[in-house]
Amino acid sequence: MDFEIRHSFETDVETLSSVLLDEDYQHSLDDIAALKERKLLSQREEADGRVHRRVRCVLDIKLSGAAKRLL
């Protein structure tokens, strides 16, 4: 599954990327309230500067039967 997420930040690219790509920062997000589980599975940077990140997220919400089956 491929998808894209876009956000706007009021900072320079270097500062933002250094924070978002920091693995210690990513591990610090493991206790997000709406998630039962969030875990950084892997992160690697390609020679062209692209970063591949795998994250496992498990929601901690009650869903109706139809929504549960869909998700």
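This is a predicted model: local features need pLDDT of at least 70, side-chain atom pairs count only at pLDDT 80 or more; totals for chains, interfaces and linings use all residues.
Two notes before you click. Residues count from 1 along each chain as its sequence is written, and side-chain values use heavy atoms, with hydrogens and water left out. Local features need pLDDT of at least 70 and side-chain atom pairs count only at pLDDT 80 or more, while totals for chains, interfaces and linings use all residues.

**Stop 1**

Select I5, H7, L20, Q26 and R53. Of the 22 residues that line the largest pocket, these are the closest to its centre. The pocket's volume is about 1000 Å³. A pocket here is an open set of points on a 1 Å grid over the protein atoms alone, where a 1.4 Å probe fits, with protein on both sides within 12 Å along at least five of seven lines; lining residues have an atom within 4 Å of a point. The volume is the space filled by probe spheres set on the points, which are joined across faces, edges and corners.

Now colour α1 (13-20), α2 (23-28) and β2 (51-59). These elements each give two or more residues to the lining. β2 gives the most, with 6 residues. Helices (H or I, at least four residues) and strands (E, at least two) are DSSP runs, numbered from the N terminus.

**Stop 2: the nonpolar patch**

Select F9, V19, L20, L21 and Y25. Together they form a nonpolar surface patch with about 380 Å² of accessible area. Patch members have over 30% relative accessible area and no salt bridge; nonpolar side chains (Val, Leu, Ile, Met, Phe, Trp, Tyr) are joined within 5 Å. Areas come from the Shrake-Rupley method with a 1.4 Å probe, and for residues only the protein chains shown count as cover.

Centre on F9, in the segment before α1. F9 is partly exposed, at 45% relative accessible area. Buried means under 20%, exposed over 50%, and partly exposed in between (1.4 Å probe, protein chains only).

**Stop 3: the salt bridges**

The count is 3 salt bridges. Each needs a side-chain nitrogen of Lys or Arg within 4 Å of a carboxyl oxygen of Asp or Glu.

- Select E37 and R56: their closest N and O atoms are 3.1 Å apart. This pair links distant parts of the chain, with E37 in strand β1 (residues 35-45) and R56 in strand β2, 19 residues apart.
- Move to E46 and R44, which meet at 3.0 Å, N to O. R44 is partly exposed at 49%.
- Finish at R50 and D48, with closest N and O atoms 2.8 Å apart. R50 is exposed at 51%, and D48 is exposed at 53%.

Notes. Patches are made of residues with over 30% relative accessible area and no salt bridge: like charges are joined within 9 Å, nonpolar side chains (Val, Leu, Ile, Met, Phe, Trp, Tyr) within 5 Å.
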